Amino acid sequence: MKASHVKVCVLRIEGTNCEEESYLAFKRLGTKPEKVHLKQLTGTDVTPEEKRSLADYQILVLPGGFSAGDYVRAGAIFAARMKSRLAKDLVEFVRAGKPVLGICNGFQILVETGLLPAMSGEMTEIPEAVLGTNDSARFECRPTLLRKVNRGSCVFTSRIPPEKISLIPSAHAEGKLMFPLDRSKQIVKELEDNDQIVFKYVDPEGNLSGYPWCPNGSTDNIAGICNREGNVFGLMPHPERVFFRFTHPDWTRSPDGPGDGRAVFESVLDYVTRKE
Amino acid sequence: MSTERLYIPRGLPFELTDINLADANDDELKELSKESGTALSLDEMKRIRDFFSSKGRNPTDVELQSIGQAWSEHCCYKSSKVFLKEYIFGITSRQVIDRGDAGVMEFDRDHAYALRIESHNHPSAVEPYGGAATGIGGIIRDVLCMGAQPIALVDPLFFGPPDYPAAKLAPGIKHPKYLLGGIVAGIRDYGNRVGLPTVSGGVWFDESYVGNCLVNVGCVGIAEKRSIKRNAVKGPGDILILVGGRTGRDGIHGVTFASAVLTKESETESRGAVQLGDPIMKEPVIHALLETNERGLINGMKDLGGGGLSCVVGEIALSGGCGAEVDLSKVPLKEEGLAPWEIWVSESQERMMLSVSPRNVDEVLHVFRLWDVPATPVGEVIKEKIVRLRFQGEKVFDLELEFLTAGPMYCRPCGITKARARMKESTPKVKNRYDKELLRLLSSPNICSKEWVVRQYDHEVRGNTVIKPLQGKLGHSSHGDAAVIKPVEESFRGLAIATASNPFAVNLDPYRGGKTCMDEMCRNLTSVGARPHSFTNCLNFGDPERPDRLWLFKEAVRGMGEVAAALKIPTPSGNVSFYNESQAGSVLPTPTLLGCGIVRDIRKCVTSDLKREGNTIAFIGSTGPEMGASEYYRLVRKRSLRVPDVDIPALRAGMDVVLKGIERSAIVSCHDVSDGGLAVALAEMCIGGDVGAEIDISRMERLRSDVRLFSESNTRWVVELKKGKEKLLPKDRKVRSVRLGTVGGTALRISANKRLIDAEVDKLSAAFNGTLWRLLG
């Protein structure tokens, strides 16, 4: 499949606010992204020309933001709206091996929907994890370094060499990935065994350091995870914000080369174009 | 005194009262003004009485309220206009596209940018979280209604000292620490949710702000030129569609509240004047509005800010040379039972008025429905320049727009007070070493790192922030002078955004202070590689009815205007905020400037952090013994009236030298010299770069060491030159440049024949970074 035939659904509701840069990341690679309101998929208040079907897209993206204000647990409202009307379509999409990307609020939505970590089946009935309030108890916008720990399952990181440290910035108040406390260790081990852990927060030397290198206190410094098949991927940091070098926070010190986030989008495009 | 006999209820199922002005004497007129909460003066009340007498009837409460809004200081600039006309309005350039709710300037051949800054001081002093949040909401609408996509926010804030003793607070005054926490949270929660990066601003502290903190909010937007809209209807027959939030009792009399001095009763009496923000209503409003505008469905639009519907309907209609008929019963309400006058003047948030041709109405309503945003046709544009209102079939308002919008303009008395001229000069003792002074300056609240605040705001959302507010090596950061946004996907052209203010200088010498603010703004923009292009200002001053306060205003505007005119930097929008006073007196006279500059190619931009060991450090500009208003003199408690002046030809030449140096890639880091002088500027560059520097200041002008180190003379920059490219820095005889030293080591060492300062960068960094965390937690 040619890149120009790849249709990307950048899904949004009110309060989704990183759709433009997510859309652009895919557009810059020559694909056909489209900003789609959830109501266009559910068919509410739309004309026949505005109606869309999830099955027509090759990639689904849930961008960052504060969907519906996130006045309850982050991502919960978007997840509930999506799940109540589109559960079947979503499961079919994932089962077909099509990639789903959730960035920041999108990651929170994927966890709330049960599409991540999805340790049993494509989509669990209830969330198996939560993205809790940061240890600092505040919103933090800061550069973060991520070490790729995935051993090859994740289709969004194939272009990133193992153990490479990428600069991908974070901006969130609820990014502390947590599991049921009594089983946390066991779940993390299982995620490792399944190769579901993708990125970990590290310091410039690559060590699993505490705050501020790990901006939220996440379990085992985990920044991003995927499902067992590797086609559903969520992370708190924002790869779309560092598509180019000149939006890196310290780019004036080393201005050459692409942005560290670009590889995420190129990897998934590789996967999709090779697949069909 | 009872004015009861002057209120004549109509006896309708809703509240509507005729006000018998014709039979009211002077005292009663004053009382009526007070009871209505409009703060109209006696002369203004008489003018209204005479107007209605000539019509042979009395005004309704809706009409009197409406005039009160339109004629408030906030809406008609009645005390400031005379000075603004003289010094500022005339500065123009061919690149000014519009001067509407926001100013619009040319960005490139196909694009324009919009900019505006305004105050939200009084609401934030009473209800910090909501006041600040709705300030952001309002300024976004100002940019949006020009047809522009908002792309960046700016927030200069001014507070009392965070460690101010609670026992000293006057009744009704909230503690600075509480205000700061609430205001930062309000900006954070609104700005982050609505998805706009907060890229510039500042936090200043001074005792004068204890009773009346200042919250200024600025916004910048971008649009294709063909999408730019005027805040005007197209013509008769246009349908007025009210979109966004519902209307309620929040924010009634916001403008009159803004046009009076804060008192200890403000907390209880004016709480209702503070609106409630809803970013998750605003965010879809932005989408729906830009989409309908993009599709050419909108003729004109305007935001509902101060005065609510009462101001927007008249202004949008009159700007198009028309009037309007509106049915108030159609306005969607938050609760039942609002009187017509309340609906008419409510300042409930997240509302905009669109003027739409009848054939496009259905399509507009459809887009808003998709985004779940209420959109309701409420009226129609008519040919006569009259506004008529109906409520449940009853005519409640019928006024000629020329009268309603012809607010008074005053030329109030202004003059210097004697106490001001008598201030005594004092000078500190010369010392051998200044390490301690540097550390104390770095940790002073006005200079220290504002990371505590900055990182709570998302400064990267939208993915276009090329130069960020905090700059430095990963894990180390210092303040940048300006932020740069790359607003157009297909182009490397950048828009630089900088904030400047110096209330201390304006207070001591308002004319030079005004010039200083402009100089700082130009320096900041230049430092990242941007040519100053336009600016907008928010002028926060005290009670204009007091001659000494108004004199400060006039002189500051004169100074600012002089520099702006000489450099041909237009100000296509602005805002004046008077009455920033409490029981303790006026705040420092505080003009805040939001400057925009153009960067030809963002890949050439530089930051303030030192880059590489062995590079040369040079100094551009001249230093003088101008210690008045300096941070150093405040620290050592000395006084001088010698506020730094601006040498305009030198400023122009200095900017050229720096810009060319950056464009030729000779300059790899640049920082303007401002608060704390040269020593602080160097320290900040070392902190950001996590590297030391060896500096010799003996080639500077022959001055005392402390003046060389800490003077805040204008038009100065420190630059780091790339090894081998030093000669590419242009020379200009109008501006001095000297070699200071080299980058390297782990300490900042400054000497002039003998050592003056020797401090490890780690120690400087700890002093710089620790303060706000210690004070605010």
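**Contacts, burial and pairing in a predicted model**

User: Which residues is A:E19 in contact with, leaving aside its neighbours within four places in sequence?

Analyst: In this predicted model, A:E19 is in contact with A:V10, A:R12, A:K35 and A:P63. Contact here requires C-beta atoms within 7 Å.

User: Does A:E19 count as buried or exposed, and what makes it so?

Analyst: A residue is buried if 20 or more other C-beta atoms lie within 10 Å of its own. A:E19 has 23 C-beta neighbours inside 10 Å, and therefore counts as buried. This residue lies in helix α1 of chain A, residues 19-28.

User: What joins β14(B) to strand β15 of chain B?

Analyst: Six bridges join β14(B) to β15 (residues 394-400), and the two strands run antiparallel. B:L389 has B:F397 in β15(B) as its bridge partner. The hairpin of β14(B) and β15(B) has two residues between the strands, and B:Q392 takes a positive phi near 45° there.

User: Why is the largest nonpolar core said to lie between domain 1 and domain 2 of chain B?

Analyst: This core has 329 residues, and those with the most contacts inside it are B:V484 and B:I497. Helix α24 (residues 677-689) of chain B gives the most to this core, with nine residues. Domain 1 (4-74) and domain 2 (606-770) of chain B both give residues to the core, so it lies between them. The C-alpha centres of these two domains lie 60 Å apart.

User: Which residues does B:I497 touch?

Analyst: Not counting residues up to four places away in sequence, B:I497 touches several residues, among them B:A152, B:V154, B:V199, B:L594 and B:C596.

User: How many residues of chain B are in contact with chain A?

Analyst: In chain B, 35 residues are in contact with 33 residues of chain A. On the chain B side, α8 (176-194), α11 (279-294), α14 (361-370) and β16 (465-467) each supply at least two residues. The residues of that side divide into 13 nonpolar, eight polar and 14 charged.

Conventions:
Residues numbered from 1 in each chain as written. Chains lettered and ligands numbered in written order. Predicted model: local features only at pLDDT ≥ 70, side-chain atom pairs only at ≥ 80, totals over all residues. Domains from an automatic or database assignment. Pairing = 2+ DSSP bridges. Helix = DSSP H or I, 4+ residues; strand = E, 2+ residues; numbered from the N terminus. Core = buried A, V, L, I, M, F, W, Y, C linked by C-beta atoms within 7 Å. Buried ≥ 20, exposed ≤ 12 C-beta atoms within 10 Å, placed from the backbone. Contact = placed C-beta atoms within 7 Å. Nonpolar A, V, L, I, M, F, W, Y, C, P; charged D, E, K, R; others polar.
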